[in-house]
Amino acid sequence: GLVVTGVQTCALPIFLALWDVPFHLVDSNLTVVVRFTVQPSGKVMKYRVEDLSGNKALDNSVLTLIRDLRMFPPLPDSYTLPIYEFGVRFSPKQFQF
């Protein structure tokens with residue numbers, strides 16, 4: 001699912017709204033791992049796919065989600081560093097619809 005702690009909380013609504021999980025994979029334990037680098041404003045500086053699931057449909061669904069993603073909601077004021085890195089594990093079975 002979306003294993004969310006700290007800064008990832010700001011990104012969660014975006015993933016919940018935009019990830020189009022292939023219907024035949026909603027009960028799958030397959031996982032795609034992506035690492036994001038963002039500014040406190042929410043601007044996505046870069047992302048890196050760290051691990052693909054090996055399932056083309058699931059991999060493409062995550063790649064489609066993140067490819068055009070430019071902004072997350074701004075981070076809370078308590079985040080004062082210039083950039084933050086965080087990883088997200090996309091796994092349909094634990095995804096909250």
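User: Where is the place of Ser91?

Analyst: Ser91 sits in the segment after β3. This is a predicted model, and that applies to everything below.

User: Is Ser91 buried or exposed?

Analyst: Ser91 is buried, because its relative accessible area is 3% and the cut-off for buried is under 20%.

User: Which backbone oxygen lies 3.2 Å from a polar atom of its side chain?

Analyst: That of Leu30: a polar atom of the Ser91 side chain is 3.2 Å from the Leu30 backbone oxygen.

User: OK, step back. How many helices and strands does the protein have?

Analyst: There are two helices and three strands. Read from the N terminus, the order of elements is α-β-β-α-β.

User: And in what order do the strands form the sheet?

Analyst: The order is β2-β1-β3, in an open sheet with antiparallel pairing. On average, neighbouring strands are turned by 20° against each other, direction ignored.

User: What holds strands together in general?

Analyst: Strands of a sheet pair through backbone hydrogen bonds, in a parallel or an antiparallel way.

User: Over how many bridges do β1 and β3 pair?

Analyst: Seven, with β1 spanning residues 32-38. Val34 has Val88 as its bridge partner in β3, and Phe36 has Phe86.

User: How many bridges between β1 and β2?

Analyst: Six, again in the antiparallel sense. Val38, for instance, has Val44 of β2 as its bridge partner. The two strands make a hairpin with five residues between them, and Gly42 in the turn has a positive phi of about 100°.

User: Which strands does α2 touch?

Analyst: β1, β2 and β3: helix α2 packs on the sheet, and its direction makes about 10° with that of β1.

User: Which residues are on the covered face of β3?

Analyst: Tyr84, Phe86, Val88 and Phe90 are on the covered face, while Glu85, Gly87 and Arg89 are on the uncovered one.

User: Is β1 mostly covered or uncovered?

Analyst: Mostly covered, with six of its seven residues buried.

User: Changing topic to rings. How many aromatic pairs does a search of the whole structure find?

Analyst: Eight. One of them is Phe15 with Phe72: the ring centres are 5.7 Å apart and the planes are at 75°, which is why the pair is edge-to-face. A plane angle over 60 degrees is what that class requires.

User: Where do Phe15 and Phe72 sit in the chain?

Analyst: Phe15 is in helix α1 (residues 8-18), and Phe72 is in the loop between α2 (56-67) and β3 (84-90), so the pair links parts of the chain that are 57 residues apart.

User: Are those two buried or exposed?

Analyst: Phe15 counts as buried, at 2% relative accessibility. Phe72 counts as buried too, at 5%.

User: And Phe72 with Phe86: what are the distance between ring centres and the plane angle?

Analyst: The ring centres are 5.9 Å apart with the planes at 50°, so the pair is tilted. Phe72 is in the loop between α2 and β3 and Phe86 in strand β3, 14 residues apart. Phe86 is buried, with a relative accessible area of 4%.

User: Which residues form the aromatic cluster?

Analyst: Phe15, Trp19, Phe36, Phe72, Phe86 and Phe90 form one cluster. Within it, Phe36 and Phe86 are also bridge partners, and Phe86 and Phe90 are on the covered face of β3.

User: Last bit, the totals. How much of the protein is buried?

Analyst: Buried residues are 40% of the 97 residues. The protein exposes about 5,700 Å², with carbon and sulfur atoms supplying 56% of that area.

User: What share of the contacts with a separation of 6 or more comes from residues 24 or more positions apart?

Analyst: That share is 76%.

Technical notes. Residues numbered from 1 in each chain as written. Predicted model: local features only at pLDDT ≥ 70, side-chain atom pairs only at ≥ 80, totals over all residues. Heavy atoms only, no water. Helix = DSSP H or I, 4+ residues; strand = E, 2+ residues; numbered from the N terminus. Buried < 20%, exposed > 50% of the residue type's maximum accessible area, 1.4 Å probe, protein only. Contact = heavy atoms within 4.5 Å. Areas by Shrake-Rupley, 256 points an atom, 1.4 Å probe, with all protein chains shown as cover. Phe/Tyr/Trp six-rings, centres within 6.5 Å; stacked < 30°, edge-to-face > 60°. Pairing = 2+ DSSP bridges. Axes fitted to C-alpha atoms, helices over the stretch in contact; angles between N-to-C directions. Polar contact = N/O pair within 3.5 Å; in protein donor to acceptor, adjacent residues only side chain to side chain.
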